[in-house]
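Please review the briefing below alongside the sequence and the coordinates. It is arranged by topic for reference during modelling work.

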Amino acid sequence: MAKISEPNPDFTKMVIEAGPGSDTLMLCYQCGTCTASCPSGRLTAFRTRQLIRKAQLGLKEEIMPTEELWLCTTCYTCVERCPREVQITDILFVLRNMAVKEGYMAEAHKKIGENMLRIGATVPFGEEMKKLRVKMGLPENPPTTVGNKKAMDDFRKVMEECGFDKLMKGGKS
Amino acid sequence: MPQKFAFFLGCVAPLRYPGIELATREIFKSMGVELTELEGAGCCPAPGVIRSFDQTTWLALAARNLALAEAQKTDIMTICNGCYGSMFEANHILQHHPKELKKVNDVLGKIGMKYDGTIKVRHFAEVLYKDIGMEKIKAQVKTPLNYTVGVHYGCHFVKPTRVKQLDDPEKPKILDELVEVTGAKSINYRDKMMCCGAGGGVRSRDAATALRMTEEKLKNLKAVNVQMIVDVCPFCHLQYDRSQKDLPGYNIPVVHLSQLYGMAFGLPREKLGLEAHETKFNL
């Protein structure tokens, strides 16, 4: 027999109260302009309207583990076209934050987080690129956290104070 | 107009396409606008992964960058839609929600910093268009460029318009005008405002889906025979540049607007860092 998800009004309330923008959740009247506008949804099973409806109903168990939550490129096309001015991208960030807290995060994303804790940047920085910078007449290291110990210590401290390092140690997949 | 800006480098430009960094430094120098160094700035931080993981960390790291510029009493200028989007929106939240500002300042206090919300976050293309202006840019063009160009706005330059209010989200014109002032021709193409596919953490988590979106864009660009793609975001730049080797039949060079201006302003080609591009620039 098909399993029917139980609506969870507490979850809906949590989404609405979580952050600037997500208080527009209940304004959605399910017209589907978002789904029709979505460049990712053209190619995948991601359905923006459905995700918003599930959030309205508080179907937490259906939302948290779903891959579809991570198929949005945050392009804001749906937000621009929404006739009810639902801040869909803000709601998506809130839902992703909740999923991560439950332990749902991709290894590839964790690697980016680890690189942030190491050099304060999203991408690694290798010898070949340093050589190219010098050859072009730029300093070997850019004047950022890269190669600046004091700045990097500060940057890492901010992440740790927010609990980001611990957050990444959770994880289901 | 302000004669100086705190130059925010981000990650992808200095660590993958240093030509974008150098070309920006050179073109602003030639137009008489000072770019100060934002010593010790970190990642914006990346909206796709960091904001998706934890909005408090995202806000606090953005506030650290904003506070570095505030200490110089200088607005921030970015060369990347991602950095612009992240820091602009974080700044908007911090300036409109005292509770969030306090929370962030409690964290910044641990490293002896504080943000008061007094500066603006600017995108270099917006600075070119609104502060410097077409006349002054045109005066710098030494080699008019006779190229046909497909302009890629990306997502976070004009959107979300509710807070940015720069240009129309469906039919903007700023970048087309900025490209055409060099003598190049901006060609319209199908789904011009569509995303490159990389954002929101999709490229790192699901490269195949990102690539399919990029292929859709490239197909539409190829259909109108553009000679190059011009972008204003090193991350879109990377997505277009590095995806084409995986897509047989595509070989459209990709340049950032700063590099296009470098060519038009007569900078030596070696200062444009084109050798870092995977899709070779052969024009």
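Predicted model: local features only at pLDDT ≥ 70, side-chain atom pairs only at ≥ 80, totals over all residues.

Residues are numbered from 1 along each chain as its sequence is written, while chains are lettered from A and ligands numbered from 1 in the order in which they are written.

**Confidence**
- Chain B has a mean pLDDT of 97, with 99% of its residues at 70 or more; pLDDT is the predictor's confidence in each residue, from 0 to 100.
- For the complex, the predictor gives an ipTM of 0.96 and a pTM of 0.96.

**Fold of chain B**
- Chain B contains 14 helices and eight strands, taken as DSSP runs (helices H or I, at least four residues; strands E, at least two) and numbered from the N terminus.
- The radius of gyration of chain B is 18 Å, close to the 19 Å that the globule rule gives for 283 residues, so chain B is as compact as a globular protein of that length. The radius is taken over C-alpha atoms, and the rule is 2.2 Å times the number of residues to the power 0.38.
- The C-alpha trace of chain B spans about 55 × 45 × 35 Å along its principal axes.
- Of the 283 residues of chain B, 59% are buried (20 or more other C-beta atoms within 10 Å of the residue's own, with C-beta atoms placed from the backbone).

**Helix packing in chain B**
- Helix H12(B) (residues 207–223) packs against helix H13(B) (residues 234–243) at about 85°, with the axes 10 Å apart; the axes are lines fitted to C-alpha atoms over the stretch in contact, and angles run from 0 to 180 degrees between N-to-C directions.
- H12(B) and H13(B) are therefore roughly perpendicular (65 to 115 degrees).
- Ala210(B), Leu211(B) and Thr214(B) of H12(B) meet Gln239(B), Tyr240(B) and Ser243(B) of H13(B), where contact requires C-beta atoms, placed from the backbone, within 7 Å.
- The axes of H4(B) (residues 55–71) and H6(B) (residues 98–108) come within 9 Å and cross at roughly 75°.

**Contact between the chains**
- The contact takes 52 residues from chain A and 58 residues from chain B.
- H9(A) supplies eight residues, the largest share of the side of chain A that touches chain B.

How values were computed: Buried ≥ 20, exposed ≤ 12 C-beta atoms within 10 Å, placed from the backbone. Parallel < 35°, antiparallel > 145°, perpendicular 65-115°, else oblique. Contact = placed C-beta atoms within 7 Å.
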